[in-house]
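Dear colleague,

Please read them with the model open.

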Amino acid sequence: MLLTNKFNGESSQDPPIKNPGYVNEVFKRKLCLWQQMKRYPHESDLSVRYKQLTLDCRAAVRDFESKQEIKLIDSHNINNLYKYINRKLRSSSSCPVLYDQTGSCVYSDLDKAELFNAHFHSVNVDDTGNLPKFSRRAEANIKLDTVQFTAEKIHKVIKRLKPKMTRDPEGYSPFLVKQLVSAFADPLALLFSSFISIGKIPSAWKRAIITPIFKKGASLNPANYRPVSITSVFGKVMERVVAADMLDYLLSNKLLNLNQHCFLSKRSTLTNLLESISDWTISLENRFANHVAYIDFSCALDTVSHPKLLHKLKSYGIEGVLHQWIGNFLTER
């Protein structure tokens, strides 16, 4: 365990202060006792000892923090002292005061929510309704018109969920679903099969809890935040099964460009840079000039045209109820 608070006023790039040996020893004993409790859950004596060790861990951490604070005070460095106090008083979950378009301060939570909602909505673009000419990429006999849901697929997806305790709009958390995966797999397979057969998802799965996450710049400007949506856990499981089958279909039929280094397994910005550096090196060795252009699209995923996306999916052979399901998945959110 590492204490994330820095008591000596180091910069954010400095490593956190490590716990001393006696604190680590208490935590090691607590971990060993926890493993024994899982092995022998009916031993009441283990539970009592574990609760006592938990209190000992908290006391050891408080004692270490107190010593570090006294050391900071004795150093007579007022700047480091104020930095430490500000870190203690700062809340990572609360949203600061915001400025609206007129430059007025916004204080109440309701007004802040309305301000964020207006900004996040403003980045969207209205579709012109004109579909571009896009020739069919898949052969006429190659198509994907549905997805087969099995307990094995669902079990695999749920096991990969991050065990977060954050609850979705329906009150379920990924941690709970992971714990009950053996009971959920078969019923969810039947449920998802019925949804894909009619090309729709429940309207409740389209609701989301949106949290603004600060990026950079002035924290008073709503434009410096990005939205993170917490949607239904079960809707997310169905979405990932569909995405996995679509990706297998595109890869098996060689419908994806080999130069794509995003949203693919083992292909990322790192592999993109490695290939680029290799090409640039060969070019320089042959005494050719290199011209590199970097393009960054602002709010790229927020401005995707859904009608044009659905039009493009058809050219790749994604048709039938699957195409209808994707269209319903993207609407009325």
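Helix 5 (residues 151-159) and helix 8 (residues 233-252) pack at an angle of about 110 degrees, and their axes lie 10 Å apart; helices here are DSSP runs of H or I with at least four residues, numbered from the N terminus, while axes are lines fitted to C-alpha atoms over the stretch in contact, with angles from 0 to 180 degrees between N-to-C directions. Helix 5 and helix 8 are therefore roughly perpendicular, given that angles under 35 degrees count as roughly parallel, over 145 as roughly antiparallel, 65 to 115 as roughly perpendicular and the rest as oblique. Their crossing is right-handed, that is, the near helix is turned clockwise from the far one by less than a right angle, anticlockwise being left-handed. On the helix 5 side K153, I154, V157 and I158 meet V237, R240, V241 and D245 of helix 8, where contact means heavy atoms within 4.5 Å. The residues of this contact divide into 5 nonpolar, no polar and 3 charged (Ala, Val, Leu, Ile, Met, Phe, Trp, Tyr, Cys and Pro count as nonpolar, Asp, Glu, Lys and Arg as charged, and the others, Gly among them, as polar).

The model is predicted, so to speak of local features a pLDDT of at least 70 is needed and side-chain atom pairs count only at pLDDT 80 or more, whereas totals for chains, interfaces and linings use all residues. Residues are numbered from 1 along each chain as its sequence is written, and side-chain values use heavy atoms, with hydrogens and water left out.

Helix 1 (residues 21-39) packs on helix 2 (residues 44-74) at about 160 degrees, with axes 9 Å apart, which makes helix 1 roughly antiparallel to helix 2. The crossing of helix 1 with helix 2 is left-handed, and the residues of their contact comprise 14 nonpolar, 3 polar and 6 charged.

For helix 10 (residues 306-315) and helix 11 (residues 320-330), the angle is about 165 degrees and the axes are 11 Å apart, which makes helix 10 roughly antiparallel to helix 11. Here the crossing is right-handed; H306, L309, L310, L313 and K314 in helix 10 meet H323, I326, G327 and L330 in helix 11, a contact with 5 nonpolar, 3 polar and 1 charged residues.

Best wishes

Notes: Helices (H or I, at least four residues) and strands (E, at least two) are DSSP runs, numbered from the N terminus.
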